[in-house]
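Trainee: Please take me through the salt bridges of this model, and then through the parts of the chain around them.

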Amino acid sequence: MKPRITVITLGVDDLEKSLEFYRDGLGFQTEGIVGKEFEHGAVAFFDLQEGLKLAIWGRRDIAHEAKVPLSPASPTEFTIGHNVGSKEEVNIVLEKAKKAGAIISDPAHDTFWGGYSAHFQDPDGHLWEVVWNPQWDIIDS
């Protein structure tokens with residue numbers, strides 16, 4: 001299998017609330033909720049970098065489509081890493097997330113490996129890490 005990730009889908013409990021968080025709070029570009037005319041079809045897509053989208057879709061709808069039981073949500077299943085170009089950018093992103101309603105679970109701090117990082121949770125508890133790694137060059141396109 002050649003790695004080719006194109007969509008990261010987050011299961012959410014309240015599609016409208018999550019849409020507002022990502023669109024209005026964090027400023028992610030979207031056409032809004034589509035697929036409402038289909039049972040289990042309502043979803044919203046956000047453009048990330050070229051070739052990658054973030055989707056939010058009802059947890060119950062994901063369970064239905066994947067034919068798995070709906071299980072309790074857990075914020076420790078994975079994190080989404082958002083790498084930025086400086087310590088200041090970590091602080092700016094964290095403040096924006098906080099204003100959007102995120103829970104700051106890990107305030108910005110210097111890391112043991114020489115970087116600077118923080119964690120926040122979206123309205124459904126998904127963990128995001130905002131991090132500056134001095135070993136990585138971040139190029140905005």
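Mentor: Lys 53 and Asp 47 are joined by a salt bridge between their side chains, with 2.3 Å from N to O. Lys 53 is partly exposed, at a relative accessible area of 33%, and Asp 47 is also partly exposed, at 44%. The model is a predicted one, and the count of salt bridges in it comes to 5.

Another of these pairs is Lys 36 with Glu 16, whose side chains meet at 3.8 Å, N to O. Lys 36 counts as exposed, because its relative accessibility is 57% and the cut-off for exposed is over 50%. Glu 16, with a relative accessible area of 38%, is partly exposed.

A further salt bridge is formed by Asp 110 and Lys 87, with the closest N and O atoms 2.8 Å apart. This pair links distant parts of the chain, since Asp 110 is in strand S6 and Lys 87 is in helix H3, 23 residues apart. Lys 87 is partly exposed, at 35% relative accessibility.

Now to the sheet that S6 belongs to. The sheet is open and has 4 strands in the order S5-S8-S7-S6, with mixed pairing. Strand S5 (79-84) and strand S6 (103-110) are at the edges with a single partner strand each, so one side of each has no neighbour in the sheet. On average, neighbouring strands of this sheet are turned by 15° against each other, direction ignored. Strands S7 (residues 116-121) and S8 (residues 127-132) run antiparallel and are joined by 6 bridges; Ser 117 stands opposite Val 131 in S8. Helix H3 (residues 87-100) lies across S5, S6, S7 and S8, and runs at about 10° to S7.

In H2 (residues 59-66), the buried residues include Arg 59, Asp 61 and Ala 63. Lys 67 follows H2 and has a positive phi, near 60°.

Lastly, there is a nonpolar patch on the surface. Val 7, Val 34 and Phe 45 form this patch, with about 210 Å² of accessible area together. Val 34 is found in strand S2 (residues 29-34) and is partly exposed, at a relative accessible area of 35%.

Terms used. Residues numbered from 1 in each chain as written. Predicted model: local features only at pLDDT ≥ 70, side-chain atom pairs only at ≥ 80, totals over all residues. Heavy atoms only, no water. Patch = residues over 30% accessible without salt bridge, like charges linked within 9 Å, V, L, I, M, F, W, Y side chains within 5 Å. Areas by Shrake-Rupley, 256 points an atom, 1.4 Å probe, with all protein chains shown as cover. Salt bridge = Lys/Arg side-chain N within 4 Å of Asp/Glu carboxyl O. Helix = DSSP H or I, 4+ residues; strand = E, 2+ residues; numbered from the N terminus. Buried < 20%, exposed > 50% of the residue type's maximum accessible area, 1.4 Å probe, protein only. Pairing = 2+ DSSP bridges. Axes fitted to C-alpha atoms, helices over the stretch in contact; angles between N-to-C directions. Contact = heavy atoms within 4.5 Å.
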